Every structure is written in structure tokens, then in C-alpha cells.
Amino acid sequence: MLKEIAELNSGVVLITGDGKRLAKIYLDAWSKRTKTILVEYLPFQVDGEVYIGSPYEGRNFDVYFIVNPLSRSKAEREKLHRWLEQNRDKLILLYETKYVKDSITRYPIRELIDYLVAYKRETVGFERVDVMRLENGRVVESKTYIRRS
């Protein structure tokens, strides 16, 4: 399922748990397919053509990278929710530093997310990545990857 996300042309992907490496892999993969990317700000370096700015300003890009969408104020989350509804044809990567997996059900944004990637570094020397495909806010497919360090 991780490769399936890298090959997407449209949809909303939420990465939680500070999975910088995964977010970078996806942005690099999409930029290699000559997609222009708009980021609010970039917590890591990306290879390819990347522009910095607000997604709400009406510019037309192929990929949008939005940082910490769940940690924003209620008004900002509602504004983002409306924007996501209007831009379902774009490829949007939401990157949340806090870990959210099952608690995504508390957020109305869950209805707009196509994939949830929950990254967690365990204390016993391995990393866990839970990938879920959602439809209308419900999990329809799930897979867990474990990487030992």
C-alpha cells in the first residue's frame, strides 16, 4: 500500500507521527513525475521543483503539502476542510507531527482523507507504520509495516 500512495495522481494522504522520511519519499516521488509542489513550509529538503506559499491563494499546483492540519485552531481547521472539499482532484499531503491513528475519528477531516499513514517509533528498537485506506471516514483496508533499526 505504501507504493500505491507513491503512484497516486489525486487524493488526500495524512501522515501522522512525525514521519519525515515517509513524507520526503512521497514528495520526491511525485516531483520526479514532473509535478509542481506547493508547501506552506518545509521541515526537510525535497528534490525537485517546490514553491513556498499558502494553498488558499488560488494558484494551481499538482501537489500541496500542508503541515500540522490537526493542530490548528478550529477556525483554521474549518477553512482547510472547505478547501479540501473544493480540491479533491489535486494530490494533497497532510503532515501532522503528533501521532494520530484511531483518534482520527474525532476530526471531521477524516471524511476527506483517502489514506492515513501513522508512523510510530517504538522504544524497543523498531519503527511501526500503519497504513489505512479510508472511504467516507471508514477504514476499508489496513496494513502494518515494521522496520527494525
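First, the ground rules. We are looking at a predicted model, where local features need pLDDT of at least 70, side-chain atom pairs count only at pLDDT 80 or more, and totals for chains, interfaces and linings use all residues. Residues are numbered from 1 along each chain as its sequence is written, and side-chain values use heavy atoms, with hydrogens and water left out.

Start with strand β5, residues 91–96. Strands here are DSSP runs of E with at least two residues, and helices are runs of H or I with at least four, numbered from the N terminus. How many residues of β5 are buried? Six of the six are, so the strand is largely enclosed by the rest of the structure. Buried means under 20% relative accessible area, exposed means over 50%, and partly exposed lies in between, using a 1.4 Å probe and protein chains only.

Now the faces. In a regular strand, side chains alternate between the two faces of the sheet. In β5, L91, L93 and Y95 point one way. I92, L94 and E96 point the other way, and all are buried.

Next, the neighbours. Two strands pair if DSSP finds at least two bridges between them. Strand β1, residues 11–16, pairs with β5 in the parallel sense over six bridges. There, V13 has L93 as its bridge partner. Strand β4, residues 63–67, also runs parallel to β5, joined by five bridges. Here V63 partners L91.

Move on to strand β7, residues 126–135. Seven of its ten residues are buried, so to speak mostly covered. Which strands does it pair with? One is β6, residues 115–121, antiparallel over seven bridges. A118 stands opposite D130 in β7. These two strands form a hairpin with four residues between them, and G125 in the turn has a positive phi of about 90 degrees. Another is β8, residues 138–148, antiparallel to β7 with ten bridges. R128 has I146 in β8 as its bridge partner. That hairpin has two residues between the strands, and N136 takes a positive phi near 55 degrees.

Last stop, the helices. E4 sits in helix α1, residues 2–6. E4 is partly exposed, at 35% relative accessible area. Its C-alpha atom lies 16 Å from that of K90, 86 residues apart along the chain. R77 belongs to helix α3, residues 74–86. R77 is partly exposed as well, at 31%.
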